[in-house]
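The stops below are given in the order to select them.

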Amino acid sequence: TETPPINYRIKMSKTKSQSPRTAVKSTQIKSIGNFKIALGAVVCSEAQLTGDITIGSRTVVHPTVKIIAEGGPVIIGSNNLIMERTVIINKKREGESVPLVIGDGNVFECGCHCESLSVGDENTFEARSFIGVNIVVTERCVIGTNCSLLSKETLPPGTVITGKDHLRWTRQATTQASNLQQIEYLVKLLPNFHRLTKPSVS
């Protein structure tokens, strides 16, 4: 028997006596724009998508997520986990439209807010973190819970920022294996409890 990731055992125990049809009352949000959703992506219809948005294979978008392509396209790669109440927005900037490109294997935890110029691979944005419009996030970075980055800078690979004092250090390890396990579980779980936005790209 497959064992779910520990983060989701409590949630499942609350709903296992209910049928998938009644466990969650889904409210479909009207999304507006041009969407390219790859085969294998799981995008809950309760998420709000606005503008020109591309979502790669095996990326999971939870309910109540907002992805807004205001100043240009938002292009999201594969194997990303975007959790409840996350806001990803490509803000309007002076000059021509510029895409916000998000790489592969990133984790956006509950309530985080990302306006970054670009995001590389295997980064973690912890709960309620805030990344401003002038930040470039490279790869394997961790922005800690409640941390806000508002200055103009490029974070070197492996940068970790945590605590009320925004302490920094560098890490070499990656959590990609555990993140992929979590995505594998959610790809099977979410369609049982939520309506999905259908893939548009094979």
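Is Asp52 buried, partly exposed or exposed? Select Asp52: this residue is partly exposed, with a relative accessible area of 30%, where buried means under 20%, exposed over 50% and partly exposed in between (1.4 Å probe, protein chains only).

This is a predicted model, in which local features need pLDDT of at least 70 and side-chain atom pairs count only at pLDDT 80 or more, while totals for chains, interfaces and linings use all residues. Residues are numbered from 1 along each chain as its sequence is written, and side-chain values use heavy atoms, with hydrogens and water left out.

Lys36 lies in strand β1 (residues 32–37) and Asp52 in strand β3 (residues 48–55), so the pair ties together parts 16 residues apart in sequence. Strands here are DSSP runs (E, at least two residues), numbered from the N terminus.

Now select Arg168 and Glu153, which form a salt bridge at 2.9 Å, N to O. Arg168 is in strand β20 (residues 167–170) and Glu153 in strand β18 (residues 153–155), 15 residues apart.

Finish at strand β8 (residues 87–90), where Val87 and Ile89 point one way, Ile88 and Asn90 the other, and all are buried. Strand β5 (residues 66–69) runs parallel to β8, joined by four bridges, and Lys66 stands opposite Val87. In β11, the bridge partner of Val87 is His113.

Key. Two strands pair if DSSP finds at least two bridges between them. A salt bridge is a side-chain nitrogen of Lys or Arg within 4 Å of a carboxyl oxygen of Asp or Glu.
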